[in-house]
Every structure is written in structure tokens, then in C-alpha cells.
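Hi,

Here is the structure I promised to pass on. Have a look at it first, and then read my notes below.

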Amino acid sequence: MHERPRLTPIQINRDLLRSVLETPLVFYVLLLLLMGLVGLGVIAATLMVSYGLGVTGLNHPVFWGFFIINFVFWVGISHAGTMISAILRLSAAEWRRPVVRAAEVMTVFSLLTAALFVVLHTGRPWRTLYWAFPYDFVRGIWPDVRSPLVWDPSAIFTYLTGSILFVYAALIPDLALARDQTTGWRRAVYGVLCLGWRGNARQWKLLNATGLLLSALILPVFVSVHSIVSWDFGMSLVPGWHVHIFAPYFVVGAVLSGVAAVIALMAVMRSLFRLHDYIRPEHFDMIGRLLIVVALAWAYFYFIDVIFALLSNEEAEYQVMKLRLSPPYLYLFLLMITCNVFLPVPIWMFRKFRRNIGIMVWTAIVVNIGMWLERFLIIIPTLQRRHPDAFAWGDYSASLVEITLVIFSFANVALLLLLFSKIFPVIPIWEEKEGHIWKREFRIGKLRLPAIVRE
Amino acid sequence: MPSVLGLFQSADTAAAAADRLQASGFGPPAYEVLTGAPYPEGAFGEDSGDHRLFIFPLGGAMIGFAVGLMVTAGTQLSYPLVTAGKPILGIPPMFIIMYEGTMLGALIFTIMGVIFESRLPNLTNDLYDSRITEGYVGLVVRCDDDAQADTAQTTLTEAGAEEVKQQGRS
């Protein structure tokens with residue numbers, strides 16, 4: 001924590017409430033832009049619902065396209081919140097403080113967006129409720145809970161609920177602060193939301209205990225969610241998907257894309273809300289180190305997947321992998337592996353680059369392009385493999401409606417984050433102040449060394 | 001009952017004031033420490049009391065497990081439909097729903113627990129000052145009568161309180 005400037009509580013309040021109390025011109029510009037893109041998505045979705053799935057590029061035998069790729073991608077992004085918040089909280093990593101809330105909130109909005117794509121993918125969104133929830137007492141028909149397609153909603157619902165509760169619990173003291181620093185109707189709203197928080201010793205003790213409890217509880221859910229998403233594929237008998245390694249491989253991939261997305265989000269927050277004293281190069285440095293491990297773990301799992309498919313003497317598995325490694329998919333494969341490992345990992349090895357925010361943002365974007373391609377390569381070539389049971393073979397090319405909806409998903413998450421930042425502090429103010437309470441300086445010889453004291 | 005709030009600029013002054021309060025006969029249950037950020041437990045000699053927060057997730061987990069079991073086994077036994085020759089009650093797929101139900105129950109009850117144990121929502125009009133979220137430390141002393149309130153006010157003022165407020169005098 002060498003760069004941590006000494007800040008007073010009033011300065012911290014002023015800086016971290018700025019996004020709530022002030023509205024710069026750029027906020028309105030971004031709001032209009034994002035609302036425009038979301039509006040385009042709504043038009044595309046309306047078209048699809050009106051005219052049916054025929055307006056997409058889905059065709060026999062490729063019936064899982066951009067919507068499912070996007071679903072898996074956004075579930076993956078949602079893993080950043082838990083990874084950063086829960087694991088770093090449990091391990092008392094001091095550098096988590098400015099990052100946790102943004103990551104947790106991104107989890108919530110990513111999950112909502114992911115769930116939306118499952119609904120869109122059905123083509124008949126209103127029927128999704130019938131499929132996902134027990135409903136029919138009259139006809140005696142219940143969804144088959146033995147199906148992985150029922151596991152998904154239950155896992156996502158649990159993770160979403162847990163994530164919202166996680167965000168809310170940590171928000172309560174900051175809502176009380178916002179109540180104290182605002183007037184009029186805002187004060188009344190924050191007063192209700194903070195439940196009359198006073199900040200006595202008992203409340204703080206319980207809040208800290210809750211943070212640890214929720215972290216411990218949400219971690220197994222975090223692992224289960226992407227495992228279950230992987231079983232949407234793994235539990236099928238489709239060659240290329242019926243792979244044992246899918247669960248851990250999906251979880252690691254999710255962490256890679258999610259944590260990389262947090263880097264981009266941190267940089268945007270730092271620039272937009274002038275949070276240079278809070279989100280500092282040292283935070284990018286720490287996340288960069290974490291990403292090296294995660295990216296190499298992902299590469300290891302991917303390598304295992306490829307090797308087993310090529311050498312296991314299973315003809316169908318071999319054919320699927322051969323298709324993935326042949327043009328035109330070979331070019332996407334090479335781009336993916338470059339984006340995920342060969343380009344970013346050597347860059348993250350150097351401290352100088354890890355502390356360069358511009359470079360970190362670009363590598364984060366590159367990783368997410370790679371991870372999106374990874375999901376594309378898992379889904380499309382696998383379904384496109386020619387096999388005797390298919391009556392027709394069509395190529396898959398995404399339609400304008402699907403491309404618009406992919407753009408919509410990014411705009412939707414960004415819009416929700418922007419609106420959140422207007423209503424709530426994006427950095428946990430009380431946690432930031434707690435970090436300052438624990439900060440001490442030690443003198444060793446001629447050096448004054450900053451340190452964090454822990455119980 | 002009257003109560004007195006003393007506002008202190010630094011944690012050290014507030015801790016010294018808490019010592020003076022104890023010397024004047026106001027033990028830890030009689031005063032409450034209000035801060036804008038968590039301090040290490042016992043930093044002001046306060047008593048935050050015991051809590052039963054850890055029971056809540058256990059209770060929630062049991063309820064969630066029961067609901068998960070009901071949704072899986074209950075629906076399948078009520079409307080049995082053999083699919084692909086698989087057993088009506090297949091443990092592995094049932095386990096997943098029950099697992100998610102268990103975790104969901106534990107998560108929800110944890111939040112209910114913290115709200116309950118923190119005595120929230122707090123609808124009382126207790127003494128408070130918005131400067132507490134600006135770094136001040138507040139010491140709230142609950143007194144039995146006006147005479148005690150006067151003693152508390154004098155103690156807090158002598159201990160270096162920036163401002164002392166009173167409420168609820170008869």
C-alpha cells in the first residue's frame with residue numbers, strides 16, 4: 001500500500017460521494033448513448049418476438065448461437081464479484097477495498113443480462129416461466145427437475161439473490177452516510193434504505209461477521225453456478241461437450257474474463273469520477289498478478305481438453321476438435337489463444353506494464369474478446385459437425401438481430417452500472433475509512449514504511 | 001429517559017472520555033459508541049454484547065434444504081413420469097436443486113440475522129449527529145434521571161467533547 005495518500009474522513013466522503021451528488025456533462029452523454037444502444041436492442045428483441053427465431057441465423061443443426069454464447073459470457077463476467085469480493089475479504093487482502101463494490105455490482109447486472117439471454121434464446125419468452133418453474137396443478141405436468149436446464153435457473157437465482165444481498169449488506173453504512181450528507185427527498189430515501197443505521201459497535205461487529213459469513217457461503221455457490229452452466233453442455237451426449245473437465249475449466253475461464261472486466265471497470269470509474277487517490281496503479285498491479293495465475297490455469301485446462309480430444313481415440317471427439325483446429329475456425333482459435341494467453345500474460349509479467357493503466361485496460365479488453373471467442377468455439381463448430389442423425393447441414397452466420405442484441409448486452413450492463421453510480425457510492429466508503437484507521441507507519445533506519453495493522 | 005451525546009474529534013480523546021465515564025459510574029452498557037467506520041472491538045472499552053448470528057444461516061440452510069427436497073422429490077412423486085428409463089428419484093440431479101436451495105436459505109437468513117441482531121430497522125429517535133459519518137466519534141450515555149444526565153454532560157465536556165447534546169429531559 002505504498003501509494004496510499006493520507007486522507008481525512010471528510011475528504012473521503014466528498015470524493016466518494018461525488019458521483020452521487022454531482023452530475024457532469026459526460027454522464028448525460030454516456031446515458032444518452034447507452035440508452036440509444038439499449039433501445040436498439042429492445043427493437044431487435046421485439047422484431048424477434050414478433051417474427052420468431054427465423055430472424056436469427058439459427059438453423060439446423062446449429063440451434064445454439066449468439067444468445068447462448070452471450071449467456072455463458074455474461075455468467076462468466078459475473079464471477080468477478082465473488083472472486084474479488086469474497087476471496088479477498090476472507091484472505092483479508094487490503095487492496096480489495098476500492099474494488100469490491102464495483103465487482104459485486106457487476107456480478108448482479110451481468111447475471112441479469114445473462115438470464116435475459118436465456119429467455120431471448122427460447123424465442124417465446126413468455127413460455128420460459130412455464131419451463132423453469134413448477135406450474136401445472138391442473139394437467140399434472142411439472143418440469144423435470146432432473147434436467148440440467150432446470151438446474152440452471154435454480155443456480156442463477158441463488159447466485160443472483162446472494163449477490164444482491166451481499167451488495168446490500170455492505171451498502172447499509174454508506175446509505176447512512178448518504179442520508180447524513182443529503183437533504184430533502186434524497187435524505188428520506190436513503191434514511192429508509194439504511195434502516196436507521198447508527199454505526200454503533202454492535203452493528204459494526206455484526207456487519208464484519210456478516211461479510212465473512214456471506215463470503216464463505218457465496219463461494220460454493222460461485223463454483224456451482226458456472227459448473228452447472230458447463231453441465232448444460234457436459235451432461236449432453238454431444239461430442240465435444242460431453243467432457244469431464246468442463247466444470248473447472250468453465251469456472252477458471254469465468255474468473256479470467258470477470259477479473260479482466262473488473263480492470264476495465266476500475267479504469268473507467270477512476271477516470272469518470274476522478275478517483276485517482278483511491279484506485280491506484282498498485283491495484284492494477286495486484287490484479288495483474290492474479291490474472292497471470294488465472295490465465296495460465298485456463299491455458300492448462302484448455303490444453304487438456306484439446307489433447308484428450310485429439311489422443312483419446314474417440315472418433316467423434318477427434319472430428320469436433322479437428323473442425324475447431326481447421327480453417328476457418330483455426331483462425332479464431334489462434335486469435336483466442338493469443339488474446340487469452342500469448343499476448344496478455346507476457347505483458348502482465350512486467351511490473352512496469354501492470355502499473356500502466358492504459359496497457360492493463362487494453363489487455364483486459366483483449367482477454368474478454370478471447371473469452372467470447374472461446375465460448376463461440378465451444379458452441380458453434382461442435383454443433384456444426386456433420387453426423388448421421390442430422391437431416392440438413394447449414395452454416396451458422398449471426399444475423400443483424402443477434403449482433404444488435406450482443407451490442408445491447410454490453411450497453412445494458414454499462415447503463416445499469418452508470419445508473420447505480422448515480423444513486424450509490426461505487427467505492428465502499430466505510431471500508432476505505434477502515435483501511436485508514438488500520439494504517440500505521442514504521443521507521444526502519446532512514447525509511448518510513450507504511451503498513452496495515454491487523455488483529 | 002434522558003440521554004447525552006458527546007462528539008469527539010479523535011478516537012484517542014473518545015477512548016479517554018469513555019474511561020472517565022466509567023470512573024463516574026457509567027459502565028459499558030450505559031454508553032454507546034457511534035463511529036463512521038469500524039474500529040477494533042473494545043477500542044473504546046465498549047460492550048458490543050453477544051450475538052447469535054451464526055445460528056441464522058444454519059436455520060436457513062435447513063429450511064432451504066427442506067424446500068429443495070420438496071421441489072425435487074415432492075413433484076416427482078406426485079406426478080411420476082419416467083424419462084429415458086431413469087429413476088423417478090435420481091439422487092445426483094436432486095442433490096443439485098437441494099444444494100442450491102440450502103445455500104439460498106442460508107444466504108437469505110444470514111441477512112435476516114444481521115438485520116435482527118443489529119436491531120434494525122431502528123425506528124427510534126435516538127440522539128445522533130451527522131458529523132459521526134465525517135470522522136467524529138460519538139459517545140451516547142443513557143441516564144436514569146436529569147441529575148445523571150448533568151453528570152454525564154460535565155464528564156464528557158471535561159473529557160474534551162467538541163459538542164454535547166441532551167435529549168429527553170423531564
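Let's start with α1(A), where A:P9, A:I12, A:N13, A:D15 and A:L16 are buried (buried means 20 or more other C-beta atoms within 10 Å of a residue's own, exposed means 12 or fewer, and partly exposed is in between, with C-beta atoms placed from the backbone). These buried residues pack against α2 (18–21), α8 and α19 of chain A. Element names follow DSSP runs numbered from the N terminus, with helices being H or I of at least four residues and strands E of at least two.

Before going on, some housekeeping: this is a predicted model, so local features need pLDDT of at least 70 and side-chain atom pairs count only at pLDDT 80 or more, while totals for chains, interfaces and linings use all residues. Residues are numbered from 1 along each chain as its sequence is written, and chains are lettered from A and ligands numbered from 1 in the order in which they are written.

Next, the two chains together. Their contact takes 51 residues from chain A and 52 residues from chain B, where contact means C-beta atoms, placed from the backbone, within 7 Å. On the chain A side, α1 (9–16), α8, α10 (201–234) and α19 (429–438) each give two or more residues, and α10(A) has the largest share, with 18 residues. By class, that side has 28 nonpolar, 14 polar and 9 charged residues (Ala, Val, Leu, Ile, Met, Phe, Trp, Tyr, Cys and Pro count as nonpolar, Asp, Glu, Lys and Arg as charged, and the others, Gly among them, as polar).

Back inside chain A, helix α6 (residues 100–121) packs on helix α8 (residues 148–181) at an angle of about 150°, their axes 9 Å apart (axes are lines fitted to C-alpha atoms over the stretch in contact, and angles run from 0 to 180 degrees between N-to-C directions). That makes the two roughly antiparallel (over 145 degrees; under 35 is roughly parallel, 65 to 115 roughly perpendicular and the rest oblique). Among the residues in this contact are A:V108 and A:L111 of α6(A), and A:L160 and A:I164 of α8(A). By class, the contact has 11 nonpolar, 2 polar and 2 charged residues.

Finally, chain B. Its domain assignment gives domain 1 (3–50 + 127–167) and domain 2 (55–117), with bounds from an automatic or database assignment. The two domain centres, taken over C-alpha atoms, are 47 Å apart. B:G42 sits in the loop between β2 (31–34) and α2 (55–78) of chain B, and B:G42 is exposed, with 12 other C-beta atoms within 10 Å.

Cheers

Terms used: Two residues are in contact if their C-beta atoms, placed from the backbone, lie within 7 Å.
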